[in-house]
Amino acid sequence: MTYKMTSNHTVIRTIDNALIPADPGNRDWQEYQAWLEAGNMPNPVDEPALDDAKAGALAEIDRQGGERRLIYITAIPGQDGTYIAKQNEALAWVAAGSPALGFTGFPYAEAEAAMTGDTVAETLATYRAQSDMMNAINAQLEAVRISKKREVMSAQDVAAVQAILANLEWPQP
């Protein structure tokens, strides 16, 4: 009979791949403990293949990057289109010289201003400031995401991939 360990320190009996719970009252756990006391050692943890480790790390980097972005945005269906439309309105307003009065053709800003009591110009200035802030944040997040993915792709072993993930630091809000 042989056993092996998993990465989360679970014991598996190799003959039938049964998971052995670390429960002193469990008969399989008692047999495993007797097997250890007889001088036996479980097989080591199976290391993931380098390609699998890289694929998992790349997905994890993307997941974390997306999670960081959610700190700053509202993630509901269609909201990204709204953000783009507001940004486009702000850019068109700036291109027109940022007039304070006498302009139309900004449906998002006009509707929001009617609800908030701000002027259309104030609303467009807010859109511009929010857009500038998000561009700066996204640039920082994207720099980390791309650089860490490049590091993962050039890693020579699983330990290096794991170290990249363990030391991954994102810009703080």
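Reader: How many bridges join S1 to strand S2?
Author: There are 3 bridges between S1 and strand S2 (residues 11-13), and the two run antiparallel. Strands count as paired if DSSP finds at least two bridges between them. One spot to look at is Met5, which stands opposite Val11 in S2.

Reader: Before I go on, what kind of model is this?
Author: It is a predicted model, where local features need pLDDT of at least 70, side-chain atom pairs count only at pLDDT 80 or more, and totals for chains, interfaces and linings use all residues. Residues are numbered from 1 along each chain as its sequence is written, and side-chain values use heavy atoms, with hydrogens and water left out.

Reader: Thanks! What is the strand order in the sheet?
Author: The order is S1-S2-S3, in an open sheet of 3 strands with antiparallel pairing. Strand S1 (3-5) and strand S3 (18-20) are the edge strands, each pairing on one side only. Neighbouring strands here are turned by 35 degrees against each other on average, direction ignored.

Reader: What holds strands together in general?
Author: Strands of a sheet pair through backbone hydrogen bonds, either parallel or antiparallel.

Reader: How many helices and strands does the protein have?
Author: It has 6 helices and 3 strands. Starting from the N terminus, the elements run β-β-β-α-α-α-α-α-α. Helices (H or I, at least four residues) and strands (E, at least two) are DSSP runs, numbered from the N terminus.

Reader: Which strands does helix H1 lie across?
Author: Helix H1 (residues 27-37) lies across S1, S2 and S3, and runs at about 95 degrees to S1. For such angles, axes are lines fitted to C-alpha atoms, for helices over the stretch in contact, and the angles run from 0 to 180 degrees between N-to-C directions.

Reader: How do H2 and H5 pack?
Author: Helix H2 (residues 50-69) and H5 pack at an angle of about 170 degrees, and their axes are 10 Å apart. That makes H2 roughly antiparallel to H5. The cut-offs are under 35 degrees for roughly parallel, over 145 for roughly antiparallel, 65 to 115 for roughly perpendicular, and oblique for the rest.

Reader: Which residues meet there?
Author: On the H2 side they include Leu58 and Ile61, and on the H5 side they include Leu141 and Lys148. Contact here means heavy atoms within 4.5 Å.

Reader: Is Lys148 buried or exposed?
Author: Lys148 counts as buried because its relative accessibility is 18%. Buried means under 20% relative accessible area, exposed over 50%, and partly exposed in between (1.4 Å probe, protein chains only). Lys148 sits in helix H5 (residues 120-154). Not counting residues up to four places away in sequence, Lys148 touches Ile61, Ile164 and Leu168.

Reader: New topic: at what angle do H3 and H4 cross?
Author: They cross at roughly 95 degrees, and their axes come within 8 Å. H3 and H4 are therefore roughly perpendicular to each other. Thr82, Ala85, Lys86 and Glu89 in H3 meet Pro107, Tyr108, Ala109 and Glu112 in H4.

Reader: And where is Tyr108?
Author: Tyr108 is in helix H4 (residues 107-116). At 34% relative accessibility, Tyr108 counts as partly exposed. Tyr108 is 26 residues from Thr82 in sequence, and their C-alpha atoms are 8.4 Å apart in space. Leaving aside neighbours within four places in sequence, the contacts of Tyr108 include Glu89 and Tyr127.

Reader: What about the loops? Where is Asn17?
Author: Asn17 is in the loop between S2 and S3. Asn17 has a positive phi of about 55 degrees, although it is not a glycine. Most residues other than glycine have a negative phi. Asn17 counts as exposed because its relative accessibility is 56%.

Reader: And what is the phi of Ser98?
Author: Ser98 has a positive phi of about 55 degrees and is not a glycine. Ser98 lies in the loop between helix H3 (79-95) and H4, and at 32% relative accessibility Ser98 counts as partly exposed.

Reader: Last one: what are the spans of the C-alpha trace?
Author: Along its principal axes the trace spans about 90 × 40 × 25 Å. The radius of gyration is 28 Å, whereas a compact globule of 173 residues would have one near 16 Å. This radius is taken over C-alpha atoms, and the globule rule is 2.2 Å times the number of residues to the power 0.38. Buried residues make up 29% of the 173 residues.
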